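User: Hi! I'm new to reading protein structures. Could you walk me through this one?

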Amino acid sequence: MSRALEGELAASLKSGDPTAAYDAISELFAPNTDGDLLELEILGRSHPFPDGCYLLRDGCAVAVSKLGLVQAFLVCKKILTAHLDGSKPRKGEELLAATAVMLLMDPEHLTAANTRKRVLQERMSSWSSPALETTFKAEKHFLDNLLTSRLHRHTKSPTLWAHLQWLLRVFVSMGIPVDGLSDIRKVVFVAGERHPRNYYAWNHARFLIKTGLLTPSEDLLGLVIKWCAGHHTDTSGWSFLYFLLDNTRSSSPFTVHRTFEEVVTLVQSLRLTNESVWVFLRTLAASPFTGDADTSQFLSIARSFIEISSFSSDHDVLRSALEWCETYRAMPPLADAVVTQRNP
Amino acid sequence: MKVYYIGVLDNSKQPAVVLAGEHELSDFSRFTRNEYANFMTMIGKTVAERTRPGQRQSVQEQDYVVHCYARSEGVAGVIITKDYPNIAAHSVLSKLMDEFLAEKPLASIQGKTKDNEVPFPKLKEYIVKYQDSNEASSIAKIQQELDETKIVLHKAIDSVLQRGEKLDDLVAKSGDLSAQSKAFYKTAKKQNSCCVVM
């Protein structure tokens, strides 16, 4: 849903009761640590709501009126501004309620996100451990709701994904367990599907691995290969698969070959010529941890596809992949090249 | 790879009649699913009506593709997909149409004038089974004789329409779409399309 305010909506802002809109919408985000994630969406003028109605619910599916949300946002902005300039300070609960609605309207509202961080940090100095664990898990639940809903801007919001990573660092510092595999399946995969080529979602996956919150494993690799096969035009998913192979190859030398075989089989049977999968294959074929036999097979398949394809756009993708692989396969690994330069 | 709709239509009539159809719209939000379902039925009919007997077409429209295989018997299979290779979509259609015509005598279907009057439970199995990339891969391998060059490709639905016809006009006139669906179509068109570098 676009942030833009259509003329009709802008004209309607002064009608109705903005405070009632705020009360109804903020109730959605009452602290919750378990239960199913909400499937949020925002509906505009194509789905008019009855007067005084700001939400539609069907189980976990919740539709929020765009008009109601904008009215609620204006109420929240006043609350936050008055708190920050000291004219009317608010308690933590009120700030969390207001900033939740602000982030639903505008996921890039950094002040709202940072206000939430400050509220949670203040609690760390005065709350007991069990209460702190509850409040931080509630924050995770809130973020997961926004990152996995059908909200086009939220699923790929750098502010929200950075906030999640900040939160997980806090989890680690407080000894609260993090289920990295669950984050991959229930948050990254879903956000990656809601918003294709989702750099921030897959960067979060890399964050989980680099921080040790998720251990690369055969099971994880299988899940990622399956996701990539089902989203074969998604270059971000393929990039993460390559990253994962790079992190698992030392513990399982046959993994690279098996993955290569699996992807090549898919490409051949479905005659895939999209750039995303071919960038993955050429990078893998050119990498030093791929065997010569697999690289030769890649080059052979690329050439045969060029011969049988009728489309010039496919030829461009395939030739580019072929040339890239031939160029970079022949080069020494980067570390060796640097050493050679220093010691000619 | 998603399959949103599979249907078998009588495209010897104008407008085409849906003999049997199934939607899989869990990708779409709860409160807009009906609008997408109606729109897909409408767009399936539009393409089927403009696919000649024996012809295969794949028509791109925004994020999805409408694939149609019209048999000489005056019956057409339609599948609406996202990120689904054409060869796999048409392989599914070949199998579907063979099964449908083997099971349903022409005399039993030619007189239908209202949508969804021919029970064909296998459609539900098809739409579930062929969501899986492995199943799509298997059927594409089996149907290797399918000549991809024979599939007529269109980059937009306007290119299958007659001169002067626009999709917006067809939507406005359509009896398959409610007023809400028509209003939703206008707003849904304006959604941002990003991250399409590759």
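User: How many bridges join strand β3 of chain B to β6(B)?

Analyst: Strands of a sheet pair through backbone hydrogen bonds, either parallel or antiparallel. Here β3 (residues 56–61) and β6(B) run parallel, joined by four bridges. Two strands pair if DSSP finds at least two bridges between them; strands (E, at least two residues) and helices (H or I, at least four) are DSSP runs numbered from the N terminus. One bridge links B:R56 to B:I151 in β6(B).

This is a predicted model: local features need pLDDT of at least 70, side-chain atom pairs count only at pLDDT 80 or more, and totals for chains, interfaces and linings use all residues. Residues are numbered from 1 along each chain as its sequence is written, chains are lettered from A and ligands numbered from 1 in the order written, and side-chain values use heavy atoms, leaving out hydrogens and water.

User: What is the strand order in the open sheet of chain B?

Analyst: The six strands go β2-β1-β5-β4-β3-β6, with mixed pairing. β2 (17–23) and β6 (151–154) of chain B each have a single partner strand, so one side of each is left without a neighbour in the sheet.

User: How many residues of chain B are in contact with chain A?

Analyst: Contact means heavy atoms within 4.5 Å. By that rule, 38 residues of chain B touch 37 of chain A.

User: Which side chains meet in a salt bridge?

Analyst: A salt bridge is a side-chain nitrogen of Lys or Arg within 4 Å of a carboxyl oxygen of Asp or Glu. The two chains share two salt bridges, including B:R30 with A:D58 at 2.4 Å, N to O.
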